[in-house]
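Work through these exercises with the model open beside you. Each task is followed by its solution in steps.

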Amino acid sequence: MLTEMLISGLGVIDEAAIEPHPGFTVVTGETGAGKTMVVSGLHLLSGGRADAAKVRTGAPKAVVEGRFGVPPGSAALDVATDAGADADDDGSLIALRTVAADGRSRAHLGGRSAPVGVLSELTDSLIAVHGQNDQLRLLRSTQQRTMLDRFAGSPVAAPLERYRTLRAEWLAVCAELTERTERARELAREADLLRHGLDEIGAVDPQPGEDAELVAMARRLADVEQLREASMRAHEALTGAQDGDPDAPGALGLVDLARKVLTSSEDEALRQLAPRLDEAAALLADVTGELGGYQDGLEADPERLQQILARQAELKALTKKYAADIDGVLEWAEGARERLAGADTSDEAIAELVARRDALAAELAEAATELSTARATAANGLAKEATTELAALAMPDAELHVAVTAHEVASGAEHALRVGKRTVSAGPDGIDDVDIRLRPHPGSDPLPIGKGASGGELSRVMLALEVVLAHANPVPTLVFDEVDAGVGGKAAVEVGRRLAKLAATHQVIVVTHLPQVAAFADKHLVVDKNSNGGVTRSGIRQLADEQRVVELSRMLAGMDSTDTGRAHAEELLELARAAKSGTEETGGNRAQRARKRPATTCVGAQSGGKSASDGKNSNGKGKPRQKSQPKNAKEKMPM
């Protein structure tokens with residue numbers, strides 16, 4: 001997970017340090033303060049596109065540094081190791097991304113320079129960023145199918161792998177069949193050339209390494225006299241002169257003499273050397289015998305020499321046309337046989353390919369049907385669990401429907417496959433189209449979520465799906481940028497509640513403008529904006545409990561300086577704490593407690609309306625105005 005992030009010169013942020021909570025971290029701030037720069041920084045660390053426009057005005061470069069806790073054996077650690085990166089002593093990895101004012105970008109990982117693509121590969125298994133663009137991607141059928149497959153897990157993954165394997169074989173056979181039928185004349189000419197070459201090589205019948213052997217044999221036959229003289233001189237050096245001249249003893253005689261001298265010595269050390277001379281004598285005797293045999297085999301054979309030279313000429317003709325040596329010629333011949341088998345356009349070969357294609361198509365149709373059935377089963381489970389989550393997100397009457405339908409095409413279309421009585425498209429991920437539809441209330445027809453869901457509903461649908469898919473999401477850190485857009489009131493409270501639930505299994509970082517969401521965070525960060533001499537600077541700081549009350553009051557309706565705003569912020573924090581601890585009071589108890597509270601604390605979260613006492617003060621007959629209430633029109637609470 002992300003343990004620390006440092007930002008410098010990015011947008012309006014001059015210098016900032018962030019230490020996200022392992023659970024739920026929220027980032028808030030005034031509009032234009034630079035909240036989204038936190039997400040922009042994470043995008044840069046994830047290998048996103050560098051944009052010089054995001055470099056702070058006057059700064060030479062923007063720098064984003066992130067420290068990630070990476071468990072041993074994880075995919076991210078493997079990526080880092082392959083890139084030559086070094087982990088810190090505590091096992092964490094530091095990723096760094098800089099963007100110069102001229103747009104040039106550099107990346108570092110573990111203290112080493114690395115391609116930007118390595119950061120992207122690293123963070124694929126560490127961070128998932130969800131924003132408005134992700135909601136748009138959710139509208140695509142391919143993304144919806146991917147989401148369904150993630151939810152299903154192995155019941156879909158296993159048949160999908162089998163389907164892809166069969167599809168690859170089927171496509172290969174189909175491509176070969178098409179090539180043979182459409183390129184029949186060209187393949188026939190190529191086949192004739194290959195057959196001619198194979199016939200020519202077969203007539204010579206070369207053997208592996210034969211050319212090198214013939215060179216050695218030819219050299220021996222051509223130099224037989226020189227070889228005989230050399231072997232005789234070596235033999236004489238070992239055995240001595242043939243006339244028995246005692247002044248020219250051979251090596252064998254000298255060794256025998258030395259052995260006798262050592263054996264007759266009275267010194268034990270010398271006598272112990274004698275057996276070693278016995279070994280030398282035996283070795284010299286063996287060499288002498290082999291030299292004698294070599295001389296006997298050295299006979300001048302002009303006829304044999306001519307045969308060898310003629311054979312060399314035959315082999316040279318092959319090496320001149322097909323390869324540098326005979327081993328290369330044999331390798332060419334093997335490849336030619338394989339190409340010839342693929343260039344066979346005879347009726348028998350075509351019929352064999354057609355039969356293979358049809359058999360694979362039948363297997364592929366069976367695998368596709370199995371995959372579709374598994375997806376349909378998973379779709380029911382996903383729809384049911386997501387509908388339950390939507391009810392918790394203040395959409396009690398909404399229903400989510402996940403339809404799995406075969407993508408039908410014309411019979412002549414590319415990758416057309418016959419499954420049962422239908423012709424479908426055999427795509428890389430199956431034959432299915434997945435369509436997530438929303439029925440917002442009873443009596444309405446389920447519509448595609450792009451048509452049947454408002455912006456706020458689409459945000460809640462996405463969050464519901466993310467909560468449902470939490471068990472299948474191996475990415476430890478989830479980032480949500482304005483995922484609560486278009487949501488307010490009770491629905492906003494439920495969004496905060498579900499994000500807190502998601503934080504029980506993942507690190508969750510949320511950029512939000514809703515106090516109801518911010519109240520549920522384990523750590524609250526605020527982006528402050530200030531101007532000095534016309535230059536706007538923003539920084540990020542962590543809020544203590546009392547500071548959170550002030551910030552939530554501001555977010556409610558700009559009421560950070562009133563008792564009413566603070567009271568409502570405190571109640572919101574109390575509600576969030578109770579919900580996370582499982583001690584949340586019922587609606588009846590909360591209403592009863594609200595009736596006992598002074599009128600100044602009963603103003604609605606975002607209504608900006610008047611308290612109960614305001615109605616009496618309007619005709620001058622009620623109680624005096626509370627000290628915290630506005631005294632004139634200019635001091636009225638903002639709407």
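Contact means heavy atoms within 4.5 Å. The model is predicted: local features need pLDDT of at least 70, side-chain atom pairs count only at pLDDT 80 or more, and totals for chains, interfaces and linings use all residues. Residues are numbered from 1 along each chain as its sequence is written, and side-chain values use heavy atoms, with hydrogens and water left out.

**Exercise 1. Describe the surroundings of Leu77.**

Step 1. Find the element. Leu77 sits in helix α2, residues 75-82. Helices (H or I, at least four residues) and strands (E, at least two) are DSSP runs, numbered from the N terminus.

Step 2. List the contacts. Leaving out residues up to four places away in sequence, Leu77 touches Val70, Pro71 and Pro72.

Step 3. Classify the exposure. Buried means under 20% relative accessible area, exposed over 50%, and partly exposed in between (1.4 Å probe, protein chains only). Leu77 has 22% relative accessibility, so it counts as partly exposed.

Step 4. Compare sequence and space. Leu77 and Ser92 are 15 residues apart in sequence. Their C-alpha atoms are 9.5 Å apart.

**Exercise 2. Work out how helix α5 packs with helix α15.**

Step 1. Take the geometry. Helix α5 (residues 141-152) and helix α15 (residues 347-392) pack at an angle of about 90°. Their axes are 9 Å apart. Axes are lines fitted to C-alpha atoms, for helices over the stretch in contact, and angles run from 0 to 180 degrees between N-to-C directions.

Step 2. Name the arrangement. Angles of 65 to 115 degrees count as roughly perpendicular. Therefore α5 and α15 are roughly perpendicular to each other.

Step 3. Name the residues. From α5 come Arg145, Leu148, Asp149, Phe151 and Ala152. They meet Arg375, Ala378, Ala379, Gly381, Leu382 and Glu385 in α15.

Step 4. Look at one of them. Asp149 is buried, at 17% relative accessible area. Beyond four places in sequence, Asp149 touches Val156, Leu160 and Arg375.

**Exercise 3. Describe the hairpin of β1 and β2.**

Step 1. Find the pairing. Strand β1 (residues 2-10) and strand β2 (residues 13-18) pair in the antiparallel sense over five bridges. Two strands pair if DSSP finds at least two bridges between them.

Step 2. Pick a bridge. Met5 has Ile18 in β2 as its bridge partner.

Step 3. Inspect the turn. Two residues lie between the strands, and Gly11 takes a positive phi near 60°.

How values were computed
Angles under 35 degrees count as roughly parallel, over 145 as roughly antiparallel, 65 to 115 as roughly perpendicular and the rest as oblique.
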